[in-house]
Amino acid sequence: MTTPTTSREIRLVSRPRGLPNAAHFTTTDVELPPLQDGEVLVRNLFMSVDPYMRGRMNEGPSYVTPFALNAVLEGGAIGEVVASRVSAFKAGNIVTSNFGWREAFIARPQDLHSVDPGIAPLSVYLGALGMTGMTAWAGLELGEVKAGDVVYISGAAGAVGNVAGQLAKLRGCRVIGSAGSTEKVLFLRDECGFDAAFDYHVGPVAEQLKVEAPDGIDVYFDNVGGSTLEAALGALRIHGRIIACGGISGYNDEKPQPGPSNYFNVITKRLTIKGLIVRDWMDRQDEFEKEVGGLFRAGQLKNKETVVAGLDQAVGAFLGLFSGKNLGKMVVKLA
Ligand SMILES: NC(=O)c1ccc[n+]([C@@H]2O[C@H](COP(=O)([O-])OP(=O)(O)OC[C@H]3O[C@@H](n4cnc5c(N)ncnc54)[C@H](OP(=O)(O)O)[C@@H]3O)[C@@H](O)[C@H]2O)c1
């Protein structure tokens, strides 16, 4: 394999208001300096695009620092070591990193995480065995999801949602999912083993949920927020739990959405709402990799992904998350 001396990378050039578009980004060629002692050169094979990146495009404090303007974006990636001046890594090793949105990069060993190169496809480390799979697993842990629970998952055919549903089924739950198309509904029922699934465009979520869970739900795994959260608040039983994972329906809103009109259900039903940030769970990464990696290797957990090819398609892939272009994890193949 030739050693890259340049890399193309994607930068944010202005902060979007509302839905971003291609004009907010630019692609730039950069020189890679000669490798120094203590450094590793990696060529990316796949990079991840994720909804949380939209929040990092805004200015102002959040749980994660905003992206800098006119600097390369960051995000999950998996790549192959091309050259190394560190004993812990050698050419051919497969590593994950947060150096996405670029074709190649130089890093310190502490910023790289070695993975088993024998697993196929390697992009699974950005999906079911990566950050989104870990979010699904951590969410079920946080919500103390157990056999017999009736669990409703929104954004169910996406990266987090489909894994959360599969894992909840393995825990012995009755699982209901909502997603944005007939194809996604069939995927949830036929491939992921959900007990029921519906398209949220077809009718009000509250009504469709009433059909699938006439006696209510115990757990709501929220990826969407907004009116879907409102419907779930209405469907939750006494002592129900909400795993607050995401609120993609509002990520491009210029003004924050008003709170749910039926918030009072939290009180009358004695509900528990727990906020989830997957980074808080990094000290349990080994446990996640052992448990969920074991299920994947045993063929008990599917990794579904939508793959687009080439760095030039990365911005389009990212924007596609907000119109449901992905089934499973959206990844960009780079090499
Ligand atoms: N808390 C954490 O640590 C953490 C970590 C990772 C992800 N998350 C959150 O988890 C959620 C899912 O993330 P993901 O990576 O798995 O993304 P994803 O579900 O793979 O992709 C986003 C999906 O959201 C759906 N969507 C877009 N706009 C929507 C709307 N207005 N209403 C309903 N659905 C909409 C689309 O599917 P449809 O076709 O079904 O509309 C789209 O495919 C996001 O909110 C994300 O921010 C949180």
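**The ligand and its surroundings**

In this predicted model, an oxygen atom of the ligand lies 2.6 Å from an N or O atom in the side chain of lysine 184. The backbone takes part as well: a polar backbone atom of asparagine 223 is 2.9 Å from an oxygen atom of the ligand, and a polar backbone atom of valine 278 is 2.8 Å from an oxygen atom of the ligand. Taken alone the ligand would expose 910 Å², and the protein buries 90% of that. The elements that contribute two or more residues to the shell around the ligand are α2 (131-142) and α3 (159-170), with α2 giving the largest share, 3 residues. In total 27 residues surround the ligand, and the closest are Lys184, Tyr200, Tyr251, Leu276 and Asn326.

Because its relative accessible area is 58%, and exposed means over 50%, lysine 325 counts as exposed. Its side chain is joined to that of serine 323 by a polar contact of 3.2 Å, and, leaving aside residues up to four places away in sequence, lysine 325 touches Thr306, Gly320 and Met330. The C-alpha atoms of lysine 325 and glycine 180 are separated by 9.6 Å, although these residues are 145 residues apart along the chain.

The surface also carries a nonpolar patch, formed by Tyr263, Phe264, Ile267 and Ile273, which together have about 440 Å² of accessible area. Of these residues, tyrosine 263 belongs to the loop between β12 (236-244) and α7 (265-268), and tyrosine 263 is partly exposed, with a relative accessible area of 47%.

Terms used:
Residues numbered from 1 in each chain as written. Predicted model: local features only at pLDDT ≥ 70, side-chain atom pairs only at ≥ 80, totals over all residues. Heavy atoms only, no water. Buried < 20%, exposed > 50% of the residue type's maximum accessible area, 1.4 Å probe, protein only. Contact = heavy atoms within 4.5 Å. Polar contact = N/O pair within 3.5 Å; in protein donor to acceptor, adjacent residues only side chain to side chain. Patch = residues over 30% accessible without salt bridge, like charges linked within 9 Å, V, L, I, M, F, W, Y side chains within 5 Å. Areas by Shrake-Rupley, 256 points an atom, 1.4 Å probe, with all protein chains shown as cover. Salt bridge = Lys/Arg side-chain N within 4 Å of Asp/Glu carboxyl O. Helix = DSSP H or I, 4+ residues; strand = E, 2+ residues; numbered from the N terminus. Near = heavy atom within 4 Å.
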